[in-house]
Amino acid sequence: MKDAFGIPQSLLVLGGTSEIALATARRLIARRTRTVWLAGRPTAALETAASELRTLGADVHTVTFDALDPDAHEAVLGKVFAEGDIDVVLLAFGILGDQSRDERQPVSAVRVAQTNYTGAVSAGLVSARALQAQGHGSLVVLSSVAGERARRSDFIYGSSKAGLDAFAQGLGDALHGTGAHVMVVRPGFVRTKMTAGLEEPPLATTPEAVATAIELGLRRRSETVWVPGSLQAVMSALRHLPRGVFRRLPV
Ligand SMILES: NC(=O)c1ccc[n+]([C@@H]2O[C@H](COP(=O)([O-])OP(=O)(O)OC[C@H]3O[C@@H](n4cnc5c(N)ncnc54)[C@H](OP(=O)(O)O)[C@@H]3O)[C@@H](O)[C@H]2O)c1
């Protein structure tokens with residue numbers, strides 16, 4: 001359960017090596033989150049991430065989780081919830097893909113869609129059911145501004161995030177009144193290994209800034225969080241531009 005200050009005591013990260021998720025875990029541990037589960041593919045990086053969080057004083061466990069193996073999600077996540085209540089599930093896995101390669105290789109494009117969208121549908125539904133059974137807890141979904149309007153330069157990733165975002169909004173409505181809650185987080189460009197080597201657009205931000213926004217959103221029980229906040233107005237304007245104008249923009 002959250003403590004008297006609304007700080008979650010337990011966190012489950014799906015995508016346990018995500019830089020945004022680990023910045024969020026560090027921030028929550030500093031605010032007294034005690035138990036962290038890092039769910040991810042079984043790599044040395046996952047164990048290193050767990051060791052680093054342990055040095056901050058948290059009780060950290062790792063569990064094997066693959067977004068591309070939805071048949072295993074109920075069993076894997078069920079075991080975590082069976083160990084005790086989870087206050088926050090942070091759905092952080094995702095891949096950017098490579099737009100030009102993925103256009104040439106539809107199988108690679110499908111991998112982006114299956115990781116970011118169908119993997120999240122499965123893991124999101126399993127997590128939501130467990131939170132609902134507890135009667136409390138938040139599912140935080142890392143969507144993206146890329147899902148707001150498909151761009152020529154990344155419409156494969158963007159469409160997977162649009163699907164994820166719509167799914168998470170609907171799931172939030174389904175959980176309304178149950179005690180469980182869904183928060184959709186829409187970051188812009190964040191400096192992590194996912195975006196390493198890419199040209200930085202204006203308003204680029206950091207994993208720590210996203211973590212700060214997530215913590216604040218959890219305290220407020222927000223349904224939607226933009227990072228940085230100014231992107232909400234920018235994306236609203238871009239979303240309403242006529243198609244022919246939008247197509248000519250260098251975005
Ligand atoms: N960076 C940005 O600019 C940005 C902006 C908006 C939204 N986001 C979203 O924020 C989330 C976190 O991104 P990040 O920047 O923190 O990137 P990151 O550090 O590259 O983290 C991505 C995570 O996804 C995991 N993952 C990929 N495929 C997986 C699979 N099949 N099963 C399980 N885990 C899998 C990776 O695990 P492995 O270690 O096993 O590869 C890693 O933990 C993503 O959903 C991303 O789309 C990022």
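## Helices, strands and overall shape

Helices (H or I, at least four residues) and strands (E, at least two) are DSSP runs, numbered from the N terminus. With that in hand, let us look at the chain, which is a predicted model in which local features need pLDDT of at least 70, side-chain atom pairs count only at pLDDT 80 or more, and totals for chains, interfaces and linings use all residues. Residues are numbered from 1 along each chain as its sequence is written, and side-chain values use heavy atoms, leaving out hydrogens and water.

The protein chain has 9 helices and 7 strands. Its radius of gyration (taken over C-alpha atoms) is 17 Å, close to the 18 Å from the globule rule (2.2 Å times the number of residues to the power 0.38) for 251 residues, so the chain is as compact as a globular protein of that length. Along the principal axes, the C-alpha atoms fill a box of roughly 50 × 35 × 35 Å.

## Around the ligand

A backbone N or O atom of alanine 67 lies 2.8 Å from a nitrogen atom of the ligand. The protein covers 92% of the 890 Å² of accessible area (Shrake-Rupley method, 1.4 Å probe) that the ligand has on its own.

## The second largest pocket

A pocket is an open set of points on a 1 Å grid over the protein atoms alone, where a 1.4 Å probe fits, with protein on both sides within 12 Å along at least five of seven lines; lining residues have an atom within 4 Å of a point. The second largest pocket holds about 200 Å³ of space. Helix α9 (residues 243-248) gives the most to its lining, with 3 residues. The lining includes Arg149, Phe155, Arg243 and Val251, and its classes are 5 nonpolar, no polar and 5 charged residues.

## Two backbone details

Most residues other than glycine have a negative phi, and most peptide bonds are trans. Arginine 32, in the loop between α1 and β2 (35-40), has a positive phi of about 90° although it is not a glycine. Valine 227 and proline 228 are joined by a cis peptide bond, with omega about -10°. Proline 228 sits in the loop between β7 (224-227) and α8 (231-239).

Conventions
Points joined across faces, edges and corners; volume = space filled by probe spheres on them. Nonpolar A, V, L, I, M, F, W, Y, C, P; charged D, E, K, R; others polar. Polar contact = N/O pair within 3.5 Å; in protein donor to acceptor, adjacent residues only side chain to side chain.
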